Amino acid sequence: MKLRLAIDQGNSSTKLSVFDDEKIVAAERHDILSVAALDDLTNRFNIASAIYSSVVGNNNEILNLLETKRIRHFIVDETLPLPITIDYATPHTLGHDRIAVAAGAAVCHPGENILIVDSGTAITYDLVTADNHFHGGNIAPGINTRFEALSHYCAQLPLVSAEGDIPLTGYDTPTAIRAGVILGVVAEVTYMAQRLSAIYGDSLIVMLTGGDSGIISGKLEISNRVEINNNLVTIGLNRILQYNEAI
């Protein structure tokens with residue numbers, strides 16, 4: 001059985017996902033991806049092809065290993081053919097993770113208008129329309145980035161986490177910070193969903209992905225259909241890989 005490998009190298013970790021057609025048959029997450037770990041995975045699975053996406057710069061050791069093992073591979077960049085149309089004015093500056101989530105959303109909901117909210121170190125808000133176009137979106141600080149910024153730049157404010165009570169109005173400094181950050185993000189998502197729904201209709205789907213998607217969804221109150229899919233990047237990478245194999 002010939003399998004595909006998606007390598008998603010993010011800001012804080014790298015995810016390896018093995019696909020049999022559209023099905024994920026194995027997944028691993030590494031804080032730091034070593035060549036030994038990748039070599040072990042490719043020894044355990046019959047990997048025929050791979051796709052590599054990095055937001056921190058390509059790791060030549062990873063690429064050399066794929067070359068050595070004669071695994072046909074593709075690197076996500078602005079030159080790689082895509083199954084979606086990119087309308088971004090500066091495609092060379094478009095994050096590879098944003099390309100992947102857009103392709104993944106289009107796979108999950110073909111012919112639909114979709115707002116994708118990817119919440120990690122940064123939060124990205126991206127629009128994919130029913131005609132398979134990526135129109136662009138916005139970039140904002142992530143939840144933990146906001147907590148850290150407040151603690152760093154405001155001498156009297158403590159560093160808090162997302163764990164704990166989130167009242168509508170904080171009753172002490174930690175809850176005031178937590179509510180301000182998390183409800184502020186929820187307000188951003190709500191605003192984007194409402195403004196885009198006014199243009200594309202209430203059938204607009206809101207897809208949440210990333211490490212903080214559960215926190216956001218728990219407070220989100222909108223009329224749109226809301227889904228959480230934390231495999232959206234790897235689903236998109238697999239679709240891009242399939243598309244390039246067929247060319």
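Let me start with a definition: a residue counts as exposed when its relative accessible area is over 50%, as buried when that area is under 20%, and as partly exposed in between. Take Arg 70. Its relative accessibility is 78%, so Arg 70 counts as exposed. Keep those cut-offs in mind. They come back several times.

One caution. This is a predicted model.

Now the whole chain. It has seven helices and 11 strands. The C-alpha trace spans about 60 × 40 × 30 Å along its principal axes. Look at the contacts with a separation of 6 or more: 53% of them join residues 24 or more positions apart.

Next, the sheet. Six strands form an open sheet, with mixed pairing. Read across, the order is E6-E9-E8-E7-E10-E11. Which strands stand at the edges? They are E6, residues 85–86, and E11, residues 225–228. Each has a single partner strand, so one side of each is left without a neighbour in the sheet. Strand E11 pairs with E10, residues 205–209, in the parallel sense, over four bridges. In that pair, Met 207 stands opposite Glu 227 of E11. Then comes helix H5, residues 173–200, which packs on the sheet. H5 touches strands E7, E8, E9 and E10. Its direction makes about 10 degrees with that of E8.

Helix H4 is next, residues 143–153. Ile 143, Arg 146 and Phe 147 are buried there. An α-helix has 3.6 residues a turn, so residues three or four places apart point the same way. What covers the buried residues of H4? The cover includes E8, E9, H5 and helix H6, residues 213–219. The face turned away from the buried side carries two exposed residues, His 152 and Tyr 153.

Two aspartates carry annotations from UniProt, in an unreviewed entry. First, Asp 97: the record places an "active site" there. Asp 97 lies in helix H3, residues 96–108. Its relative accessibility is 23%, so Asp 97 counts as partly exposed. Leaving out residues up to four places away in sequence, Asp 97 touches Ser 53, Val 55 and Val 233.

Now Asp 118. The record's "binding site" annotation covers Asp 118. This residue sits in strand E7. Is Asp 118 buried or exposed? It is buried, because its relative accessible area is 13%, and the cut-off is under 20%. With the sequence neighbours again left out, up to four places away, the contacts of Asp 118 include Val 101, Thr 209 and Val 233. Notice Val 233. Both Asp 97 and Asp 118 touch it.

Last, two backbone details. Asp 21 has a phi near 60 degrees, a positive value in a residue other than glycine. Asp 21 is found in the loop between strands E2 and E3. With a relative accessible area of 45%, Asp 21 is partly exposed. Back to Arg 70, where we started. Its phi is near 55 degrees, again positive in a residue other than glycine. Arg 70 lies in the loop between helix H2 and strand E5.

Terms used
Residues are numbered from 1 along each chain as its sequence is written. This is a predicted model: local features need pLDDT of at least 70, side-chain atom pairs count only at pLDDT 80 or more; totals for chains, interfaces and linings use all residues. Side-chain values use heavy atoms; hydrogens and water are left out. Two strands pair if DSSP finds at least two bridges between them. Contact means heavy atoms within 4.5 Å. Axes are lines fitted to C-alpha atoms, for helices over the stretch in contact, and angles run from 0 to 180 degrees between N-to-C directions. UniProt positions are given in the numbering used here, feature names are shortened, and annotations may be inferred rather than shown by experiment. Buried means under 20% relative accessible area, exposed over 50%, partly exposed in between (1.4 Å probe, protein chains only).
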